[in-house]
Each structure stands twice: as C-alpha cells, then as structure tokens.
Amino acid sequence: MITRQRLAAGICALLATLTAGVAFPAGAVADETDSTASPKVELVLDVSGSMSAKDIDGGSRMAAAKQAFNEVLDATPEEVQLGIRTLGANYHGNDRKTGCKDTAQLYPVGTLNRTEAKTAVATLQPTGWTPIGPALLKAADDLNGGDGTRRIVLISDGEDTCQPLDPCEVAREIAAKGIGLTIDTLGLVPDAKTRDQLSCIADATGGTYTSVQHKEELSDRVGQLVDRAADPVVTPVATEGTAQCTSAPTLKSGLYTDREEFGKQRFYRVDVNPGQELRASVSVGADREVNPDYGVLLRAVTVHGREIVRGEGTGNGRTDVISTGLRYPKAESDDDNAPAETVCLQVTNSFSAASGVKTTPGLPLELTVDVVDGPSKASDVASFGLGRGWWLLGALVLTGFVAGLLWGWLSRWRLAVWRTN
C-alpha cells in the first residue's frame with residue numbers, strides 16, 4: 001500500500017513539474033546591461049532652530065526628518081552612492097557671519113553603510129541658522145566628478161537667512177556649469193516665501209518642489225527621489241521644427257527639445273515601416289505668465305496633409321506644463337520591399353501671453369518619439385482577451401485530463417486489488 005501511495009505521489013509531482021515548466025519556460029532571464037557610472041545623491045538637511053517646531057503629526061519637524069532618513073537609508077538601492085550634508089547644525093551663537101558658514105558633510109558620498117549613516121543622523125539636534133546657498137555650493141562640490149547622474153535633495157522648513165547669497169542664484173550658477181546636477185526641494189510646512197524660494201531653486205536645475213505636511217509624505221517623496229537617481233538618464237537632443245512638413249527635420253526614436261512661438265505650429269517628420277507603431281508625446285511648458293484657458297494639439301498627418309490620428313490636451317491656468325500623445329500602428333505589408341511611410345508630426349499650441357510679457361523666445365517644447373514593432377496579429381494576441389494565455393490554459397487542461405486518467409486508473413487498480421484480497 002505504501003509503495004502504491006508513493007507511486008501516485010511521484011506521478012502527481014511529475015505532472016506538477018511539467019505544468020510549472022510550461023507556465024514558466026526556461027530561458028526567461030533578465031537582459032544583461034553594460035555597467036555605468038554609479039549615480040550619486042546627497043541629502044541636504046536643514047537643522048536650524050525652527051526644525052524643533054512640533055507641527056508634523058504631533059511631532060517635531062526634526063523627528064519627521066530623522067524617521068524619513070532612516071526609512072530611505074534602508075531602501076536605498078545598492079548602486080546609489082549616497083551622502084548627507086547638514087546646514088545650521090553646529091553653531092549655536094548669534095554671529096551671522098559665523099552662522100552662515102555652518103554647513104558640514106555628515107556622511108560622505110560613497111558606498112552606503114546604513115548603520116553608520118543612521119548613527120550620524122541620530123545625533124542631529126535643531127540648532128542654528130539657515131545657510132541654504134552655501135550648503136548647495138558645498139553639496140555640488142561633494143558630488144563633483146564622475147559621469148553618473150547627480151542629485152541634491154534639499155529638505156528645509158524656512159527661507160535662507162544668509163542673504164545676499166541668493167540660493168536661487170546659486171542654483172542657476174550650478175545649472176550654468178553644465179554638470180548635469182539636479183536639485184529637488186522639499187518644504188516642511190512651508191509659508192509662501194519659503195515655497196517660492198524652494199520652487200525657484202528646483203526650477204533652476206530642472207528639479208521638482210514638493211510641499212510636505214506629514215511624515216509619510218516626507219518618507220515617500222525622499223525615497224522616490226533617491227530611487228530616481230538610479231534610473232537611466234536620457235539627454236534631450238535639441239532640434240528645430242519648421243512651419244511646413246516638407247522642410248521639417250526627420251527624427252528617430254528619442255527625446256527632443258525645441259521652442260514654439262505662442263499660437264504657432266511646428267512640424268517634424270518620422271519614418272514608419274510596415275508592421276511598426278509610432279508612439280509620440282509632446283509637453284509644452286509655460287515658462288512665463290500666460291493667460292488661462294490654453295491647449296496643445298499633436299497630430300500625425302500624411303505628407304499631403306490628411307490627418308491620421310490626433311491627441312489633445314487643455315489647461316485652465318493651474319499647471320505650468322500641458323501634455324498629450326498619440327499612437328499610430330502601420331499595417332504590415334505582403335511586399336517585403338515596401339517603403340517606409342513618412343509621417344508628419346504637427347505640434348500646435350493655443351497659449352497667449354499675458355499683458356506686458358515677452359513672446360520671444362518661444363515656449364519650451366519637449367517631444368518624445370518612439371518607433372517600435374507593432375502588435376501581433378489579432379488571432380495571436382486578442383483571443384477572447386486571453387492573448388498567449390491560451391497556451392497556458394491549454395496546457396493546464398491537458399495536464400488535468402492526463403492526471404484524471406491516471407488517478408482513475410490507480411483508483412480502479414487499488415479497488416481490484418482490495419477485492420482480490
């Protein structure tokens with residue numbers, strides 16, 4: 001009896017193994033990529049006296065920052081080199097000149113030792129001034145060198161107290177060096193002036209500004225920014241669209257930047273082979289004061305002007321960027337030598353300048369073009385919404401049928417033996 005049970009169990013295990021082999025075929029391994037320079041991130045934390053205020057979920061701003069740092073340090077990707085710099089952490093006095101030099105590297109940028117970094121953060125106590133400008137200059141030096149992405153994450157609850165060294169001018173100076181360094185800013189329970197200053201710092205380097213009211217928001221946002229540093233960086237390519245499709249530049253898959261005048265249109269050309277799909281998106285930014293109620297239109301048209309497909313978006317003054325996109329799959333051809341189709345991408349905006357605002361240069365435009373292999377035929381992909389899941393479903397049905405036959409045979413055999421005995 002024991003032998004027969006082991007035989008049945010062995011057959012079932014074999015069937016389960018075969019099923020797993022069908023469901024998860026061998027060879028599905030991750031693509032190997034070439035190693036690149038390690039991304040670098042420096043967290044710059046305001047440790048001035050105002051960080052002792054208890055207005056974030058019943059605790060102090062400093063306590064919220066420490067908790068966020070500990071959670072971020074635990075989740076930092078291995079490939080990211082991370083450092084921590086403070087401002088206003090060491091000088092207790094009232095001498096402005098001395099207080100405005102109070103910035104120090106708490107943990108050097110490099111391979112992260114989580115225990116050491118957490119120990120360093122635990123020692124911080126709200127103390128002094130708010131020298132944001134000097135801290136940014138030092139942080140840029142900390143991240144200098146190497147070809148990987150570089151990002152400063154500034155966390156502060158107040159304005160810089162060390163004017164006339166304007167932090168916005170410092171950020172613009174860093175951006176003008178062309179070293180590819182991005183500054184993201186987070187304001188802890190900010191007032192209007194703090195929000196404006198931190199937004200200005202972020203905008204100068206293409207970074208982001210986030211207002212934070214709760215501990216979870218702070219932890220989540222800092223974690224996102226650190227993770228973002230590990231993402232591959234795509235450098236936009238400057239191009240210049242034209243007013244007519246016939247003279248427009250031909251673009252390949254990639255990210256492009258241009259300038260578009262108020263209320264005007266720009267054309268670009270893309271070649272799409274049979275069986276390929278064109279995916280395009282465009283974002284137009286309002287980098288100056290504009291009138292409310294505006295829109296952007298992206299059209300794919302033939303060289304003769306016939307519209308193929310369009311995407312459009314509208315805004316009402318509550319956002320500085322408006323985006324839209326489109327997809328155009330070109331059908332396959334029976335002719336292997338069929339030529340590519342030239343598709344004209346037309347970008348049109350309906351922005352209008354506010355009174356007294358300069359209209360030149362044009363508005364910044366970012367265009368993404370991606371030409372990929374088109375989707376498989378409907379008979380292969382769209383079968384009742386299951387796609388290639390039919391293979392798995394068929395394998396499971398077949399396996400169940402065979403298992404049922406074997407189990408029935410074993411049951412009848414056992415019954416026959418029992419009657420014989």
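**Exposure and disulfides**

Me: Why is F401 called exposed?

Reply: F401 has a relative accessible area of 52%. Exposed means over 50%, buried under 20%, and partly exposed in between (1.4 Å probe, protein chains only); F401 is therefore exposed. The model is predicted: local features need pLDDT of at least 70, side-chain atom pairs count only at pLDDT 80 or more, and totals for chains, interfaces and linings use all residues. Residues are numbered from 1 along each chain as its sequence is written, and side-chain values use heavy atoms, with hydrogens and water left out.

Me: What makes C245 and C344 a disulfide?

Reply: A disulfide is a pair of cysteine sulfur atoms within 2.5 Å. The sulfur atoms of C245 and C344 are 1.7 Å apart, and the two form a disulfide. The torsion about their S-S bond is about -55 degrees, so this disulfide is left-handed.

Me: Why do C245 and C344 count as buried?

Reply: C245 has 9% relative accessibility, and therefore counts as buried. For C344 the value is 0%, so C344 also counts as buried.

Me: How do you know that C168 and C200 are joined, and which parts does the pair tie together?

Reply: The distance from S to S is 2.3 Å, and a disulfide joins C168 to C200. C168 lies in helix α6 and C200 in helix α7 (residues 192–204), so the pair ties together parts that are 32 residues apart in sequence. Helices here are DSSP runs (H or I, at least four residues), numbered from the N terminus.

Notes. Helix = DSSP H or I, 4+ residues; strand = E, 2+ residues; numbered from the N terminus.
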